Amino acid sequence: MGATGLAFWDRKGPGRFDSQTSSPLLPSFALPEKKPAMAVVRGNDRGKCLELAIKAIGGISSFIRPGDRVLLKVNAAFATPPFLGATTHPECVTHMTKLCLKAGAASVSVTDNPINDPVSCFELTGIAPGARSAGATVVLPTENQFETYTVPNGRLISNWPVLCKPLRQVNKVIGLAPVKDHHRSGASMTLKNWYGLLGGRRNLFHQQIHAIISELGQLIHPTLVILDGITSMMTNGPTGGSLDDLKATKTLIAGTDQVAVDSFGATLLGKTANDLPHLLMAQQAGIGTVDYQLLKPVMITQSSPAG
Amino acid sequence: MSGSGFKIVSKTTNRRQSLISIVLIGLLAVIGVSMLVIQSRYDPSAWRVDPTAGLQAALPGNYLETPAQTQALEAIGFKPLSTIESYDAGALSDKINGKAELYLAAGFQRLETRRYALPENPGLWMERYIYEMDDYSNAFAVFSAQRRTASEPLDLTADAYKSANGLFFVHGPFYVEMIASGVSQQLLTKMTEAAKQFVKAHSVAEKKLNEIDLLPNQNRIADSEILVAENAFGIDGFNQVYSARYKWEQDEATGFITRRNTAEEAQKQAREFADYFLNYGGEAVASPDTGSKMSIFFILDFYEIVFSEGDYTGGVHEATDLDKAVFLAGEIQNAIREFSRAD
């Protein structure tokens, strides 16, 4: 009996999940040949600011090649109209799609796993109409789009449903995120945007919000991120609800280092990276740098049209 | 029988006993092998909360909006655009995500939402959020925590305001938001009618005097009253604290008050408040009023004052001027004494 008990004794206890039960690793969508770069454009016109920002860090052709299949990961979290600033503005989607197609992309798709009903979210936010008008297709987060996935060296995203299928069908990923206050994490920007790739009861992660946001930076290495601060949600995030929650911060940021981009974005909310622990954790994990000045960001002011 | 008196039992076992033994040992062996096989396939994720469990989008039945109320909304000019959605505490974050914690910390009971459109202009619609909290105080807490400083007063209930695209008010235990799809005076007018209809349809207990009414009116900044459900001023456990901002020309301060169950608890709360600022480097300051029982500290260019009076803990937070802070604290203390005498 003693020998039998000894044989059953599990000395190590529950170990790491067997990665063989998870789906294959996602590739990195970052361009290794491109140095970390960032541009900050001040202006009112979202489309023009977007074009200027991308041009300043090498132009769209340096990111998108003919034949590329591009995925735009938007924030379509809530079924609210675009003017409330709780979701990616459809103008960003339209202009980004047009830029990619102009550069010769074979396809542009748009996706997110919203908090509310997906169809309502994509329609009422204007994202689906904006995508369709420019020639992109919307990929809804149906059950078959998810895979059980584990982030290597991750602690939280382990054998968790992740919206992987749309990512496996493309070779370039661009994140489009608004600048928002967030009741739990302090801010919601490009890193937090990847939360929309998680499925299941992801609200469980709210208890470790900064750790999960940092780990999202390990989940996805995008080609490029766009942080839309033309209008920022200053209070009552992430849902907002009143125009009084918003401020015309008139800034749009494009970059290849999402930690650096978010660090600058924090200043639009009157915060610094020190106020957002997930940025410091992401830096520590090697995802990027909070010291955006190291990237020597190109600062541009978009000229207002006359009249 | 042996000479010792014990009956000698045969040392040999019969066939039946052998068979039973073999069966039992075999059974044990099967159990053991099965356990080895199962252990080798152990998947810790099977013991975690199922990440693929379905999301609960609605609790059927027993809606706050009755058919009669739906008809009343239609009479105003609204047509339901969606079904009624209802969320309990477990599902609240499925609707409002990270903001759920604000409500869950304040006695949240349920949320009911629905979208309504104006048939003559389908592009104009609004979504109504009815948060049912456990009582008026907690409804006021979530209302005041989110109040927009640039809002306009709304003639509806004692706690109500409007913005260019929304109405926000408290009615008994309900905190209600009505958010428009755009800026439209036509839509806002209809929403106001709908809000009045809601107030009329839900009779609530008369609002009792509470701590907020003990904060002085003089020099108080309009609409600055707030009830913080937990950890007010960043102090752990400093819960259910009413506060308001005050202004005298170039000086400002926050007056606060909270009620505990007993005088002993109020005294303990006051000590914890004082300890918090002392631990962070606050310097004790002598009160200009030598007869007062207030504790005063100076930290980071602000004055902090705390006292306990009966079941109440009160004081002043982040005051720029000592004399004004002491005066305000004294007013709060006097109000508590007056109320306690009358109660």
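A:Asn236 is buried in this predicted model, with a relative accessible area of 13%, where buried means under 20% relative accessible area, exposed over 50% and partly exposed in between, using a 1.4 Å probe and protein chains only. Residues are numbered from 1 along each chain as its sequence is written, and chains are lettered from A and ligands numbered from 1 in the order in which they are written. Because the model is predicted, local features need pLDDT of at least 70 and side-chain atom pairs count only at pLDDT 80 or more, while totals for chains, interfaces and linings use all residues, and side-chain values use heavy atoms, with hydrogens and water left out.

A:Asn236 lies in the loop between S9 and S10 of chain A; helices (H or I, at least four residues) and strands (E, at least two) are DSSP runs, numbered from the N terminus. Its phi is near 60°, a positive value in a residue other than glycine. Most residues other than glycine have a negative phi, and most peptide bonds are trans. A:Pro238 is found in the loop between strand S9 (224–233) and strand S10 (246–247) of chain A, and a cis peptide bond, with omega about 10°, joins A:Gly237 to A:Pro238. In chain B, B:Glu249 also has a positive phi, near 50°, and it lies in the loop between S10 and S11 of chain B; at 71% relative accessibility, however, B:Glu249 counts as exposed.

Returning to chain A, we come to A:Thr88, which is found in the loop between strand S2 (69–73) and helix H3 (90–102) and counts as buried at 2% relative accessibility. Leaving aside neighbours within four places in sequence, A:Thr88 is in contact (heavy atoms within 4.5 Å) with A:Val74, A:Asn75, A:Val93, A:Ile127, A:Leu176, A:Ala177 and A:Pro178. Polar contacts are pairs of N or O atoms within 3.5 Å; within protein, one atom must be able to donate a hydrogen and the other to accept it, and residues adjacent in sequence count only if both atoms are side-chain atoms. A polar atom of the A:Thr88 side chain lies 2.8 Å from the backbone nitrogen of A:Asn75, and the side chain of A:Thr88 also reaches the backbone oxygen of A:Leu176 at 2.8 Å.

Burial can also be followed along a whole helix. In helix H8 (residues 209–219) of chain A, 10 of the 11 residues are buried, so this helix is largely enclosed by the rest of the structure. The buried residues of H8(A) include A:Ile209, A:His210 and A:Leu219, and what covers the buried residues includes strand S5 (147–149), strand S6 (160–162), helix H7 (190–193), helix H9 (258–268) and helix H10 (277–284) of chain A.

Chain B has eight helices and 15 strands, and 47% of its 343 residues count as buried. Seven of its strands form an open sheet in the order S9-S10-S11-S15-S14-S13-S12, with antiparallel pairing; two strands pair if DSSP finds at least two bridges between them. Its edge strands, S9 (226–228) and S12 (283–285) of chain B, each pair on one side only, and the twist averages 25° from one strand to the next. Within this sheet, strand S11 (residues 251–259) and strand S15 (residues 312–319) of chain B pair in the antiparallel sense over six bridges, and the bridge partner of B:Thr258 in S15(B) is B:Thr313.

Helix H7 (residues 263–279) of chain B packs on the sheet, touching S11, S13 (295–299), S14 (302–309) and S15 of chain B, and its direction makes about 165° with that of S14(B). Axes are lines fitted to C-alpha atoms, for helices over the stretch in contact, and angles run from 0 to 180 degrees between N-to-C directions. Helix H8 (residues 322–342) of chain B lies across S10 (241–248), S11, S12, S13, S14 and S15 of chain B, running at about 15° to S14(B).

Finally, we turn to confidence. The mean pLDDT of chain B is 88, and 88% of its residues reach 70 or more; pLDDT is the predictor's confidence in each residue, from 0 to 100. Over residues 44–59 of chain B the pLDDT is below 50, although this stretch has 36 contacts in the model beyond near neighbours in sequence. Where pLDDT is low, the predicted coordinates should not be read in detail. The model scores ipTM 0.86 and pTM 0.82.
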